[in-house]
Amino acid sequence: MLENFWFNVEYGINHVLNINGYDHVLFLMVLAVPYLFKDWKRVLLLVSMFTLGHTLSLVLAAYGIVSVNGKLVEFLIPITILIAAVYNIFTSGKKSKSNKVGLLFFTTLFFGIVHGLGFAREFKMFAGQSENKLELLIEFALGIEFAQVIIVFVVLFVGFLCQTIFRVSRRDWVLVLSSVVTGLVIPMILGSEIFNNA
């Protein structure tokens, strides 16, 4: 039983940290970069909203409630990352990130749903005919949350080092990382089947 639990949690961790599916990491980078260590509660809440959205879409797919157009979702995932990165670029000079927190949470939840749909087909195969789909989903979500917290911690820590040791301004740190992510995600959009078949 415990072996199954750890297997499912590890599967969730590997899903996030998979080097071939780095879109998840890119989204977490642009989600966390505007914040400092002292904002960890808000960042953790945002990460949890993303996990909730991700898990919700997997629940809908696992129980056959929604059917996924894979090509559309694969196009939408990098679009969500681009929106978050561009938002950071245009708001990097602003002092406070507390404005429109509700909108940010709901946007993150929605983006989580989109990202979860991208993984729905693979998860459905993984779950198979399992009797305990919900239990499996919860364990998988725990793995996702754990991996996301690690990534966010690394982003906050590197940001802390850059801003305290290397004296990089907060604005420049947000601009540089968000611009790098933008540069990585544009080829993903241009390479998607939907874009090429349009």
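Arginine 167 is found in the loop between α6 and α7, where helices are DSSP runs of H or I with at least four residues, numbered from the N terminus. This is a predicted model, in which local features need pLDDT of at least 70 and side-chain atom pairs count only at pLDDT 80 or more, while totals for chains, interfaces and linings use all residues. Residues are numbered from 1 along each chain as its sequence is written, and side-chain values use heavy atoms, with hydrogens and water left out.

**The loop residue**

- Arginine 167 is not a glycine, although its phi is positive, at about 55 degrees.
- Because its relative accessible area is 69%, arginine 167 is exposed; the term exposed applies over 50%, buried under 20%, and partly exposed in between, with a 1.4 Å probe and protein chains only.

**Helix α7 itself**

- Helix α7 has 21 residues and spans 30 Å from its first C-alpha to its last, close to the 30 Å expected at 1.5 Å a residue, the expected span being 1.5 Å times one less than the number of residues.
- The buried residues of α7 are Trp173, Val174, Leu175, Leu177, Ser178, Val181, Thr182, Val185 and Ile189, and they pack against α2, α4, α6 and α8 (193-197), contact meaning heavy atoms within 4.5 Å.
- In any α-helix there are 3.6 residues a turn, so residues three or four places apart point the same way.

**Where α4 meets α7**

- Helix α4 (residues 70-91) and helix α7 (residues 170-190) pack at an angle of about 155 degrees with their axes 9 Å apart, where axes are lines fitted to C-alpha atoms, for helices over the stretch in contact, and angles run from 0 to 180 degrees between N-to-C directions.
- That angle makes α4 roughly antiparallel to α7, given that angles over 145 degrees count as roughly antiparallel, under 35 as roughly parallel, 65 to 115 as roughly perpendicular and the rest as oblique.
- The crossing of α4 and α7 is left-handed, a term used if the near helix is turned anticlockwise from the far one by less than a right angle, with right-handed used if clockwise.
- On the α4 side the contact includes Phe75, Pro78, Leu82 and Ala85, and on the α7 side it includes Val174, Ser178, Val181 and Val185.
- The residues of this contact of α4 with α7 divide into 14 nonpolar, four polar and no charged, where Ala, Val, Leu, Ile, Met, Phe, Trp, Tyr, Cys and Pro count as nonpolar, Asp, Glu, Lys and Arg as charged, and the others, Gly among them, as polar.
- Threonine 182, which has its place in α7, is buried with a relative accessible area of 12%, and, leaving aside neighbours within four places in sequence, threonine 182 is in contact with Leu82, Ala85 and Ile89.

**Where α6 meets α7**

- The axes of α6 and α7 come within 10 Å and cross at roughly 130 degrees, which means that α6 is oblique to α7.
- The crossing of α6 and α7 is right-handed.
- From α6, Val155, Val158, Gly159, Cys162 and Gln163 meet Arg170, Trp173 and Leu177 in α7, and the residues of this contact divide into five nonpolar, two polar and one charged.

- Helix α1 (residues 2-17) has 16 residues and reaches 22 Å from its first C-alpha to its last, close to the 22 Å expected at 1.5 Å a residue.
- Asn8, Val9, Tyr11, Gly12, Ile13, His15 and Val16 are buried in α1.
- Valine 9 counts as buried at 7% relative accessibility, and it touches Glu139, Leu142 and Gly143, not counting residues up to four places away in sequence.
- Valine 9 lies 137 residues from phenylalanine 146 in sequence, yet the two are 8.8 Å apart in space, C-alpha to C-alpha.
- Phenylalanine 140, in helix α6 (residues 133-164), counts as buried at 1% relative accessibility, and, not counting residues up to four places away in sequence, phenylalanine 140 touches Asn8, Tyr11, Gly12, His15, His54, Leu58, Phe119 and Phe123.

**Aspartate 23 in α2**

- Aspartate 23 is found in helix α2 (residues 23-32) and counts as buried at 18% relative accessibility.
- Apart from residues up to four places away in sequence, aspartate 23 touches Ile77, Ile81, His115 and Met188.
- The C-alpha atoms of aspartate 23 and proline 187 are separated by 12 Å, with the two residues 164 apart along the chain.

How values were computed
Helices (H or I, at least four residues) and strands (E, at least two) are DSSP runs, numbered from the N terminus.
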